Amino acid sequence: MKPSDILFRAKLLNNDYRHGEPVPKGTWFTGWYYQLQLATEAQHRLVLPREKGFQGQSEMDIDPDTLCQFTGLHDANGTPIFEGDIFTVNGHYPKKIEFRPEHAAFCMANLDELDKPYLEPWQRIRPDWWNDYKREIRIIGNVFDNPELLKQQS
């Protein structure tokens, strides 16, 4: 993964404008994250990739509670997979992706195992597993926009 691939996704903190058009609060953006520490508060921002036909780069204030890092993986449709995404394998076995410090890696867990205290549901995403199943993996939502998916069982 190149440094330019270390992207983040987050929701816009307030209503804003982009290229002269209004953008509502809660719109997802992808870019490079940084935190600006001011005297009384911290601002969380994304620097957005430069777009053809527009001068310069733009930045957006984001909601830090929705900040998700790109895993470096894509689903069967080529959609980038971020922390907090929920995917299925061949339409079954819904799984959540999360960075787990105890494993120092992006990990996945079956949704139906997350509420079992006697079980460690998180597993590292092994390249061999991903390569075997990547044609069957489809993003079905994320924990922010689709919290109801967390309640579903496989």
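Is Glu102 buried, partly exposed or exposed? I looked up its accessibility, keeping in mind that this is a predicted model, and found that Glu102 counts as partly exposed because its relative accessibility is 48%.

**Entry 1, the salt bridge of Glu102.** I then looked for the partner of Glu102 and found that its side chain meets that of Arg100 in a salt bridge, with 3.0 Å from N to O. Arg100 counts as buried, because its relative accessibility is 18% and the cut-off for buried is under 20%.

My search of the whole structure returned eight salt bridges. One that I noted joins Arg126 to Asp128, with the closest N and O atoms 3.2 Å apart. I recorded Arg126 as partly exposed at a relative accessible area of 42%, and Asp128 as partly exposed too, at 45% relative accessibility. I also noted that Lys96, Glu98, Arg100 and Glu102 are joined into one network by salt bridges that share partners.

I followed strand S4 (residues 28-37) to strand S5 (residues 42-47) and found six bridges between them in the antiparallel sense, with a hairpin of four residues joining S4 to S5. Within this pairing, Gln35 has His44 in S5 as its bridge partner. S5 is also joined to strand S6 (residues 59-61), by three bridges, and these two strands run antiparallel.

Which residue of S6 is the bridge partner of Arg45? I found that it is Asp61, and the two residues also form a salt bridge, in which the closest N and O atoms are 2.8 Å apart. The pair links distant parts of the chain, since Asp61 lies in strand S6 and Arg45 in strand S5, 16 residues apart. I recorded Arg45 as buried with a relative accessible area of 18%, whereas Asp61 is partly exposed with 23%.

I next traced an open sheet of five strands, whose order is S12-S11-S10-S9-S13 with antiparallel pairing. Its edge strands are S12 (123-124) and S13 (137-142), each of which pairs on one side only.

I took strand S9 (residues 85-89) as my reference and counted five bridges to S13, to which it runs antiparallel. Among the partners in S13, I noted Asn142 for Asp85 and Gly141 for Ile86. Towards strand S10 (residues 92-100) I found three bridges, again with the strands antiparallel, and here Val89 stands opposite His92. The hairpin of S9 and S10 has two residues between the strands, and Asn90 takes a positive phi near 55° in it.

**Entry 5, burial of S9.** How many of the residues of S9 are buried? I found five of its five to be buried, so that I describe the strand as mostly covered. Both faces are covered, with Asp85, Phe87 and Val89 buried on one side and Ile86 and Thr88 buried on the other.

Leaving out residues up to four places away in sequence, I listed its contacts as Tyr93, Pro94, Glu136, Ile137, Arg138 and Ile140.

Notes:
Residues are numbered from 1 along each chain as its sequence is written. This is a predicted model: local features need pLDDT of at least 70, side-chain atom pairs count only at pLDDT 80 or more; totals for chains, interfaces and linings use all residues. Side-chain values use heavy atoms; hydrogens and water are left out. Two strands pair if DSSP finds at least two bridges between them. Buried means under 20% relative accessible area, exposed over 50%, partly exposed in between (1.4 Å probe, protein chains only). Contact means heavy atoms within 4.5 Å. A salt bridge is a side-chain nitrogen of Lys or Arg within 4 Å of a carboxyl oxygen of Asp or Glu.
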